[in-house]
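Visitor: Could you walk me through this structure, one question at a time?
Guide: Gladly, let's look at it together.

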Amino acid sequence: MVGQFASPLLVNGCTGKMGVSVAEAATSRGLHLVPVSFSSRENLDKTIQIGDIDVEIYGPSAREDVLSSVIDEFPDVIVVDYTAPNSVNSNAELYCKLGVPFVMGTTGGDQQLLYKSVQDSNNYALISPQMGKQVVAFLAAMETIAEQFPGAFSGYRLEVLESHQAGKLDTSGTAKAVIACFEKLGAVFDMDRMVKIRDPEQQLYMVGVPEEHIEGHAFHLYHLTSPDDSVSFEFQHNVCGRSIYAEGSVDAAVFLYKKVQSMDPKRIYNMIDVLQEGDMR
Ligand SMILES: NC(=O)C1=CN([C@@H]2O[C@H](COP(=O)(O)OP(=O)(O)OC[C@H]3O[C@@H](n4cnc5c(N)ncnc54)[C@H](O)[C@@H]3O)[C@@H](O)[C@H]2O)C=CC1
Ligand SMILES: O=C(O)C1=N[C@H](C(=O)O)C[C@H](O)C1
């Protein structure tokens, strides 16, 4: 058990890599994992083993009924979503319709619509493209600099490279958030020129990803050059594996549970809120 956190956790997307990692991190921290998850495919007839728990996977046609039953049985349940970019909005709509608080770790989808769904329904949600504590701290620093010194990098050219495992469907949500800060600082960036690497050969020989992490890594490089080419800056954050996101996601669920219990009026949070309150391990 984590402090006062007694709430059950339902991890949606236990057929995927992050879903499994979060479910494992939750159980190893003594949290109650609801043995239910969903899939985008019908008739999967499958269970996923997480420690000694068999998580039953339900298809799209059953998800509303099954989730309603889970809420009846566990009124304090928190959902953690790690599915796919094209499921972000429909999943969020369902959580909002049923009034179940959720952590949205899945990136992509229509982010504006996502926030609107939560606002309109008055639900509780924590939304973040990045759950890793140290990367969240970097993002927080970028937001602070952008707010305090808008235009400080006026006219600088920005180049961005991100490399992730071949199965990643979307452009890095973290890179998009960092780029938004550089743009506030005045840097010029053309999203079409983002270098997105998904080819394992290039990752090994060009990016320098260790072979054992080709299937799970997130390397980001941001390079800034002054208009006259006399000054340059480089920022880099390279993550191998998924444990920092899994641990951060559990921190996020614990944080959201506390906010729901205290009927906090803010209702929509991000990971910087969690970090600021000292709630990340
Ligand atoms: N916020 C963060 O810190 C992080 C976010 N992510 C994001 O999490 C998402 C998932 O990443 P991975 O686990 O690596 O991908 P993955 O492809 O291994 O797993 C996603 C799983 O979700 C399933 N799925 C798709 N639609 C679904 C739906 N409507 N309901 C239930 N299941 C559904 C897929 O069949 C797949 O098994 C991506 O958007 C990724 O960018 C990944 C790592 C960290
Ligand atoms: O898909 C991933 O793996 C990751 N996705 C997140 C993103 O898109 O920013 C976070 C991290 O880059 C890993």
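Visitor: Is C96 buried or exposed?
Guide: This is a predicted model, so the answer rests on computed values. Buried means under 20% relative accessible area. The relative accessibility of C96 is 9%, and therefore C96 counts as buried.

Visitor: How many disulfides does the structure hold?
Guide: A disulfide is a covalent bond between the sulfur atoms of two cysteines. To be counted here, a pair of cysteine sulfur atoms has to lie within 2.5 Å. The number of disulfides in this structure is 0.

Visitor: Which elements cover the buried residues of α3?
Guide: Helix α3 spans residues 88-98, and its buried residues include V88, L94, Y95 and C96. Just after the helix, G99 has a positive phi of about 70 degrees. Among the elements covering those buried residues are β1, α2, β6, β7 and α4.

Visitor: Which strands stand at the edges of the open sheet?
Guide: The sheet has 3 strands in the order β3-β5-β4, with mixed pairing. A strand with a single partner has one side left without a neighbour in the sheet, so the edge strands are β3 (36-38) and β4 (46-50).

Visitor: Which residue in β5 stands opposite T47?
Guide: β4 pairs with β5 (residues 53-58) in the antiparallel sense, over 5 bridges. In β5, the residue opposite T47 is E56.

Technical notes. Residues are numbered from 1 along each chain as its sequence is written. Chains are lettered from A and ligands numbered from 1 in the order in which they are written. This is a predicted model: local features need pLDDT of at least 70, side-chain atom pairs count only at pLDDT 80 or more; totals for chains, interfaces and linings use all residues. Side-chain values use heavy atoms; hydrogens and water are left out. Buried means under 20% relative accessible area, exposed over 50%, partly exposed in between (1.4 Å probe, protein chains only). Helices (H or I, at least four residues) and strands (E, at least two) are DSSP runs, numbered from the N terminus. Contact means heavy atoms within 4.5 Å. Two strands pair if DSSP finds at least two bridges between them.
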